[in-house]
Each structure stands twice: as C-alpha cells, then as structure tokens.
Amino acid sequence: MAGDETSMLGRAEQFIWLTARVLEQRRFTFHFLGGGPDPVDTALGSYLNEDGGYGHALDPDLRGPLSQPLHCAHALRILDGLNRCAGQRIERLCRHLTGVSTPDGALPVVRPAPRAYPTAPYHPVLDDPPGALATTGPVVGLLHRNRVWHAWLFRATEFCWEQVETLRHCHPYELQGAVAFLDGVPDRARAAAAADRLGRLVREQRLVVLDPGRRADAPVVPGGAPGEQLFPHDLARRPESVARGWFTDEEIARSLDFLAAEQRADGGWPVHRRAWAPGSALERRPIATVEALLTLRAYGRPLGAPAGAGAVAGPAAAAVTRPGPVPPR
C-alpha cells in the first residue's frame with residue numbers, strides 16, 4: 001500500500017514523528033503500523049519505579065520521578081492495549097497500590113511527597129488527600145477487565161461501588177472514572193443498573209455536549225479552560241462501553257464527526273485543558289492523538305493509509321481491538 005500523507009492516519013503519523021515521546025511513537029507503531037508490543041513494553045518500562053509504581057511524568061500533568069496513581073492508571077491502559085496486564089509486574093503494582101491507598105482503600109489523585117515536584121494547578125497536592133473515584137475507578141476497572149485478583153481490589157472495589165451508586169452531582173471527570181470502573185467490574189447486572197442511573201444523571205445535569213454544533217450553549221467543565229467540555233465519545237470510548245447506551249445513534253455519530261474534525265493542520269489532536277507548562281502541553285497532544293484514533297477505529301471510522309511508504313496494518317495492529325468486559329474466572 002502506498003503511503004498517504006493526506007489521510008487522517010498519514011497526517012497523524014507525521015505529527016507523531018515530529019512531536020511525540022518514544023512511548024507514544026511506539027504505541028502508534030503498534031496500534032496502526034503493524035509493529036510488535038515489545039518496543040511499547042520497553043518504553044513503558046522506563047517509567048517504572050523500584051516500588052512497583054510508575055512515575056517520571058508518564059501522565060504529563062505530574063512531573064518528577066515519584067510514583068503516582070494517575071501514572072499507574074495510564075500504565076494500565078497501555079498494558080491493557082497490549083494484552084499484557086498480568087504477571088509479576090501487576091502483582092508488584094498492586095502491592096504498591098496497597099501502600100499508597102487512603103484509609104478507605106482508595107487512591108488519591110495526587111499523593112503527597114517529602115519533596116515538592118511540579119503538578120498541574122488543577123491537581124492540588126494535599127497533606128491528607130481523600131480517595132478519588134476519578135483515579136480509583138480506572139485502575140480497578142482495568143484490573144478486573146484483565147481478571148486480576150489481589151487483596152487490594154476488595155476494598156477498592158467496594159469504594160468504587162459506593163461512590164458510583166451514590167453519585168448525585170458529579171464532576172465530569174469523576175464520571176469518566178465511574179464509566180471505566182463499570183466497564184470492567186465483573187458484576188455485570190449491578191453495573192448495568194448503576195449505568196442506567198448514571199445515564200439519566202448525565203442527561204439531566206447536561207454533563208456532556210450532545211450537539212457539537214451548539215456547544216456554546218453547553219456548560220464547560222467546572223474549573224476548566226474555555227472550551228473544556230466532554231462529548232459522548234469521551235465517555236463511550238468503545239461501542240461496548242456501558243456509556244454507549246446513554247446516547248442515540250445520531251448523538252454518537254455527531255460526536256465522532258466532531259472528533260474526526262478536531263484533527264489540526266499539523267496532524268495532531270488538540271488538548272482542551274489549561275496550559276500550565278510547555279512540556280506538559282507538548283507531551284499530551286500525541287497521547288490525545290493516539291486515543292482519538294483508537295476511538296474512531298473502534299467505531300469503524302475510516303482512518304486512511306499511513307504516511308510511511310509500504311506500511312501496512314499488520315497482525316499486531318488488528319490484535320489490539322479487544323472485546324468488552326469479560327466475566328471473572
């Protein structure tokens with residue numbers, strides 16, 4: 001197949017080579033150019049700390065070497081895409097999570113450290129941070145999705161259930177944590193009931209933009225930047241997600257059209273968050289670009305050919321389209 005630098009995928013590839021960290025370059029190669037998983041795994045390993053957690057600005061909003069829950073959630077999402085969320089590495093990670101959890105068994109957004117490292121202003125560092133669904137939900141959901149069983153999960157899972165089933169007025173990003181949890185938790189009947197209630201809450205409280213053509217009429221994320229809003233595709237990242245049932249086919253189609261049109265002239269996708277550090281903003285755009293392409297492909301949207309001459313989407317690229325939640329063994 002000849003390379004195509006005018007296609008969505010071709011322009012994204014050029015953007016990745018120009019701007020991305022090695023990790024995002026290798027993720028892109030694996031997901032879209034037929035590359036293998038080992039290079040991604042090797043790149044991710046450079047963020048792994050001796051305590052079993054991940055640090056070194058894996059999530060660009062938290063700088064410095066310290067292991068943080070947000071980094072762990074990001075690492076698990078990458079490993080899930082590789083189908084490698086298992087083994088001694090995950091056992092060590094769960095032991096690390098046990099040691100950094102709050103008294104209620106959950107994960108804070110940011111854990112305090114003896115030395116201050118730069119963090120995004122919307123992630124304040126507290127001396128005694130509470131557990132957060134936005135952080136705990138994705139970690140618990142991904143571990144359950146991959147049939148991981150560890151003692152840490154018992155209390156963390158109960159924390160997530162209690163939070164999800166009592167949400168009344170939630171922050172949009174807290175809602176993303178709830179969806180990530182419900183997409184992976186083994187009790188599918190309970191998850192369906194909780195998702196049904198949350199779906200009604202989403203529409204009643206106008207937590208997402210249902211019509212991108214009228215986004216100026218919709219509220220922005222509390223405390224966020226101008227234009228920082230959530231759309232249906234931000235919650236239902238895959239058709240199998242519990243959040244897919246919250247939206248009509250027309251609403252999903254409009255959301256995906258909007259996502260595709262968000263690709264910029266340089267080939268990358270924007271990040272609608274407050275810019276607080278040049279490095280963080282630069283590193284986050286390639287992450288957003290890979291995630292946008294994965295969402296569009298999950299819904300069957302055409303991406304076009306990659307830019308590299310002769311590049312093909314080989315077996316490794318096809319293998320990453322994984323099924324939805326699975327029952328526990």
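H144 is buried, with a relative accessible area of 5% (buried means under 20% relative accessible area, exposed over 50%, partly exposed in between, using a 1.4 Å probe and protein chains only). This is a predicted model, in which local features need pLDDT of at least 70, side-chain atom pairs count only at pLDDT 80 or more, and totals for chains, interfaces and linings use all residues. Residues are numbered from 1 along each chain as its sequence is written, and side-chain values use heavy atoms, leaving out hydrogens and water.

Let's stay with H144, which sits in helix α6 (residues 133–145); helices are DSSP runs of H or I with at least four residues, numbered from the N terminus. The H144 side chain makes a polar contact with the side chain of T157 at 2.9 Å (a pair of N or O atoms within 3.5 Å, one able to donate a hydrogen and the other to accept it; residues adjacent in sequence count only if both atoms are side-chain atoms).

Now to the cysteines. The structure holds zero disulfides, a disulfide being a pair of cysteine sulfur atoms within 2.5 Å.

| Cysteine | Nearest cysteine sulfur | Relative accessible area |
|---|---|---|
| C85 | C94, 8.4 Å | 2% |
| C160 | C94, 13 Å | 0% |

Both C85 and C160 count as buried.

Of its 21 residues, 15 are buried, so α12 is largely enclosed by the rest of the structure. Just after α12, G300 takes a positive phi of about 80 degrees.

Technical notes. Helix = DSSP H or I, 4+ residues; strand = E, 2+ residues; numbered from the N terminus.
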